[in-house]
Amino acid sequence: LIAAFVGIERRSQAPLVPFRIFRLRTLTGANTVGVLVGGSLFAMFFFITLYMQQVLGYSPIEAGLSYLPLALMIIVASGVASQLVTRIGFKPVLAVGMLLITGALVWFSQVSVGGGFFSDILGPSLVAAAGLGFAFVTTTIAAVSGVREQESGLASGLINTSQQIGGALGLAVLATIANSRTDDLLAGAGGGRSEVTNALNEGFQSAFLAGAGIAALGFVLTLVLIR
């Protein structure tokens, strides 16, 4: 579908997305990093929820309430990021955000069967939230930087689309990794409750670690592509 969209747009006399806009290096870099931010973070929320409910035994309301510190930290981090951008520019802030996301996902990859909210969830959640606040604010700013006024709406729409596509692709890839790891462990197990829980937990660990790799790639591309 994406290939068909590109083919149609390149032949259209009045395209929805004029591809000349991708000649702007920072815009292209911001959208590339945006795909990776979505790919790493959207899946993170999915797997944290599954970990809390399927491994720790949280109810849906308990799992939902566990996100409150993360949500509050995103608000704080977004405000801090906005202030930092005006002082040092968006590239260093985005780079720090990607490092925070990477570190948080590596931390999440250590979740355990006998874990709990304070030992396994709160710390990495706050770090991930800080990174998310830094990354979302700065990728949006970078995506519209240097764009002509009449194309600012297009640039804004592109970065949102990039993040959503990244989220969909990232979740598909990381869910496959998690399920493959879980299935491999269950294939040689007896199928008891403890064995299933251990297999699920290791699947989530693998997904978090792969997500950290995606975020680390985003950090490298931030340094290379963003001016």
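Biologist: Why is Glu 202 called partly exposed?

Modeller: Glu 202 has 28% relative accessibility. The buried class is under 20% and the exposed class is over 50%, so Glu 202 counts as partly exposed, at 28%.

Biologist: Where in the chain do Glu 202 and Arg 181 sit?

Modeller: Glu 202 is in helix 8 and Arg 181 is in helix 7. They are 21 residues apart, and the pair links distant parts of the chain. A helix here is a DSSP run of H or I with at least four residues (a strand would be E, at least two), numbered from the N terminus.

Biologist: How many salt bridges does a search of the whole structure find?

Modeller: The search finds three. Another of them joins the side chains of Arg 20 and Glu 151, at 3.0 Å from N to O. Arg 20 lies in the loop between helix 1 and helix 2, and Glu 151 in the loop between helix 6 and helix 7, 131 residues apart. Arg 148 also forms a salt bridge with Glu 151, with the closest N and O atoms 3.1 Å apart.

Biologist: What makes Arg 20, Arg 148 and Glu 151 a network?

Modeller: Glu 151 pairs with Arg 20 and also with Arg 148, and the three are linked in a network of salt bridges. As a general idea, side chains of opposite charge can pair when their charged atoms come close.

Biologist: Is Glu 151 buried or exposed?

Modeller: Glu 151 has a relative accessible area of 9%, so it is buried. Arg 20, at 43%, counts as partly exposed, and Arg 148 is also partly exposed at 43%.

Biologist: Why is Gln 163 called buried?

Modeller: Gln 163 has a relative accessible area of 7%, so it falls in the buried class. You will find this residue in helix 7. Leaving aside neighbours within four places in sequence, Gln 163 is in contact (heavy atoms within 4.5 Å) with Gly 34, Gly 38, Phe 42, Phe 136 and Thr 139.

Biologist: What makes a set of residues a nonpolar core?

Modeller: The members are buried Ala, Val, Leu, Ile, Met, Phe, Trp, Tyr and Cys residues joined through side-chain atoms within 4.5 Å. The largest nonpolar core has 54 residues, and those with the most contacts inside it are Met 44, Phe 47, Tyr 51, Met 52, Met 98, Phe 204 and Phe 208. Helix 2 (25-55), helix 4 (68-88), helix 5 (90-108), helix 6 (117-144), helix 7 (152-187) and helix 8 (193-225) each supply at least two residues of this core. Helix 2 gives the most, with 13 residues.

Biologist: Which residues is Phe 208 in contact with, leaving aside its neighbours within four places in sequence?

Modeller: They are Met 44, Phe 47, Ile 48, Leu 105, Phe 108, Ser 109 and Val 111. There is also a second, separate core of seven residues, including Val 17, Ile 21, Leu 27 and Ala 155.

Biologist: And where is confidence lowest and highest in the protein?

Modeller: Helix 1 (residues 2-11) is lowest, at a mean of 92, and helix 5 is highest, at 97. These are pLDDT values, the predictor's confidence in each residue from 0 to 100. The protein averages a pLDDT of 94, and 99% of the residues score at least 70. Where pLDDT is low, predicted coordinates should not be read in detail.

Definitions and conventions:
Residues numbered from 1 in each chain as written. Predicted model: local features only at pLDDT ≥ 70, side-chain atom pairs only at ≥ 80, totals over all residues. Heavy atoms only, no water. Buried < 20%, exposed > 50% of the residue type's maximum accessible area, 1.4 Å probe, protein only. Salt bridge = Lys/Arg side-chain N within 4 Å of Asp/Glu carboxyl O.
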